[in-house]
Every structure is written in C-alpha cells, then in structure tokens.
Amino acid sequence: MTTVQEDLKSLAEQAGRDLEEASALDILKWAADTFGDRFCVTSSMEDAVVAHLASRAKPGVDVVFLDTGYHFPETIGTRDAVEAVMDVNVITLLPWQSVEEQDAEYGPKLHDRDPDLCCALRKVKPLEDGLKGYSAWATGLRRDESPTRANTPVVGWDEKRQKVKISPIARWTQDDVEAYVAEHGVLTNPLLMDGYASVGCAPCTRRVEEGEDARAGRWAGRNKTECGLHG
Ligand code: SF4
C-alpha cells in the first residue's frame with residue numbers, strides 16, 4: 001500500500017468513527033468537501049435515495065450505474081428518469097462483453113451455472129475499471145438489509161479497490177427510506193410496488209415472501225447473497 005493509500009485508509013477509519021451519528025446528508029457533505037470530483041455515488045436504480053441525498057450535498061454529482069445487460073426494463077427506465085429529472089451526472093458502465101459475446105464464449109445462461117463468474121464479468125470488473133478515477137464512492141448499503149451487511153460502517157476502507165467507501169444510509173431502516181422517498185418525492189423502481197424488495201438482474205431476482213429479509217429474492221435457492229461488489 002502506498003503512503004497516499006495509507007493516509008486515505010486512516011482518514012476513512014477516523015471519519016467512520018466521527019460520523020457514526022451524523023445524518024446521511026452530513027456524511028455526504030463531508031465526502032463532497034473532502035474528495036470533490038474524486039467522489040461518486042453508485043446506484044442500482046432500485047431507488048434514487050442516495051443519489052438524491054448526494055445531489056443535495058454536491059449538485060451535479062456523478063452517479064455510476066452498472067448496466068449488466070440483464071436488467072429489468074423498469075430499472076433502465078428508472079435510470080433514464082433519474083438522469084432526466086435530477087441534478088446528477090449519470091455514468092453508465094458496461095461490461096467488456098455484450099450478453100451475446102459472453103454467451104458465445106462461456107455458453108448461455110452463465111448466471112445459472114456460475115453466477116460468481118457472471119457477476120465478476122458483468123459487475124465487479126466494470127465497477128473496478130469505472131471507479132479508477134475516484135478516491136471515494138458512496139453506496140446505498142444498509143445494516144438492516146441482511147446479516148452480511150449488519151456491520152457496514154458509514155465511512156470505511158474498501159480494501160479490494162483501495163478506496164474510501166461511504167454508506168450514508170447504513171443506519172437507516174426501510175421505514176426511514178420510505179419516509180425520505182415520501183417527503184422528497186424521490187424516484188423509485190416500479191418493481192418495488194410489485195412484490196420485489198431488492199432489485200438486481202432479472203435472471204437472479206424474484207419477489208420476496210412475507211417475513212423474508214429484503215435480499216432473500218436475490219440469487220434465491222443458491223448459496224450466494226452478494227455479487228462481489230461489497231465483499
Ligand atoms: Fe449475472 Fe445474475 Fe450477477 Fe447479474 S446478478 S451479473 S445476471 S449472475
């Protein structure tokens with residue numbers, strides 16, 4: 001690790017402690033003030049809550065969206081609506097191969113046979129490349145989404161990418177999200193009104209049953225809970 005990265009890591013860990021009780025907006029204002037244009041938000045377009053908060057902290061903020069080629073049309077529509085109505089700069093990242101090219105090399109429906117490889121090719125690698133120009137990135141991770149996210153810091157160090165990782169709504173609950181959406185009229189993915197609690201790629205997402213946690217509909221029936229972006 002270089003000295004710059006060591007300094008960034010210390011900064012992140014200190015900020016994680018200092019900002020634990022801060023509001024989501026204040027956490028994002030800290031990020032905008034600290035990193036300027038080297039800060040971005042990533043969004044799966046499940047909703048635009050973090051993008052909306054970030055646009056208040058930093059109008060015109062970069063919002064990075066990973067277009068895996070497997071999204072629901074509703075997700076692409078949400079991305080387009082966010083771009084049209086919010087004061088943000090949407091950046092769409094594409095995998096190196098189209099779905100057709102991937103099918104030709106690996107065979108069809110790689111997501112059914114080897115979802116880890118499919119996510120690595122269509123999510124992890126494009127994000128790694130897309131984040132190269134940034135020192136810090138913000139996510140919409142929440143501690144209440146699943147046991148694997150229960151210890152998410154509001155600001156931490158992303159060891160894999162050697163960047164500061166900010167989760168401004170880590171302490172929020174689903175009720176907090178819904179209250180923010182209602183108060184500010186924030187765009188949400190229409191699938192959230194149709195039984196989906198967490199929206200990912202179409203082949204790997206199903207509706208959730210009553211009592212299931214929000215991410216139970218992702219890679220259901222498989223021993224997989226995360227795509228590798230947050231591990
Ligand atoms: Fe492939 Fe499914 Fe991962 Fe999307 S979520 S990249 S379709 S394995």
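Helices (DSSP runs of H or I, at least four residues) and strands (runs of E, at least two) are numbered here from the N terminus. Residues are numbered from 1 along each chain as its sequence is written. Please keep in mind that this is a predicted model, in which local features need pLDDT of at least 70, side-chain atom pairs count only at pLDDT 80 or more, and totals for chains, interfaces and linings use all residues, while side-chain values use heavy atoms, with hydrogens and water left out.

**The whole chain**

Let us begin with the overall picture. The protein chain has eight helices and six strands. Read from the N terminus, their order is α-α-β-α-β-α-β-α-α-α-β-β-β-α. The radius of gyration is 17 Å, close to the 17 Å that the globule rule gives for 231 residues, so the chain is as compact as a globular protein of that length. That radius is taken over C-alpha atoms, and the rule is 2.2 Å times the number of residues to the power 0.38. Along the principal axes, the C-alpha atoms fill a box of roughly 45 × 40 × 35 Å.

Contact means heavy atoms within 4.5 Å. Among contacts between residues at least 6 apart in sequence, 67% join residues at least 24 apart.

The accessible surface comes to about 11,000 Å², and 50% of this belongs to carbon and sulfur atoms. Such areas come from the Shrake-Rupley method with a 1.4 Å probe; for residues, only the protein chains shown count as cover.

**Buried and exposed residues**

A residue is called buried under 20% relative accessible area, exposed over 50%, and partly exposed in between (1.4 Å probe, protein chains only). Buried residues make up 50% of the 231 residues. Here are some individual residues to look up in the structure.

| Residue | Relative accessible area | Class |
|---|---|---|
| Valine 41 | 1% | buried |
| Cysteine 118 | 7% | buried |
| Arginine 149 | 7% | buried |
| Cysteine 204 | 10% | buried |
| Leucine 192 | 29% | partly exposed |
| Lysine 109 | 51% | exposed |

A search of the whole structure finds zero disulfides, a disulfide being a pair of cysteine sulfur atoms within 2.5 Å.

Valine 41 sits in strand β1 (residues 39–42). Leaving out residues up to four places away in sequence, valine 41 touches Val50, Ala51, Ala54, Val61, Asp62, Val63, Val64 and Ala138.

Arginine 149 belongs to the loop between β4 (136–138) and β5 (155–158). Not counting residues up to four places away in sequence, arginine 149 touches Leu141, Arg142, Arg143, Arg215, Glu226 and His230.

Leucine 192 lies in the segment after α8 (174–184). Beyond its neighbours within four places in sequence, leucine 192 is in contact with Glu46, Ala197 and Val199. Leucine 192 and arginine 207 are 15 residues apart in sequence, and their C-alpha atoms are 9.2 Å apart.

Finally, a word on backbone angles. Most residues other than glycine have a negative phi. Lysine 109 is not a glycine, yet its phi is positive, about 55°. Lysine 109 is found in the loop between α5 (99–106) and α6 (110–113). Glutamine 162 also has a positive phi, near 55°, and is located in the loop between β5 and β6 (163–166).
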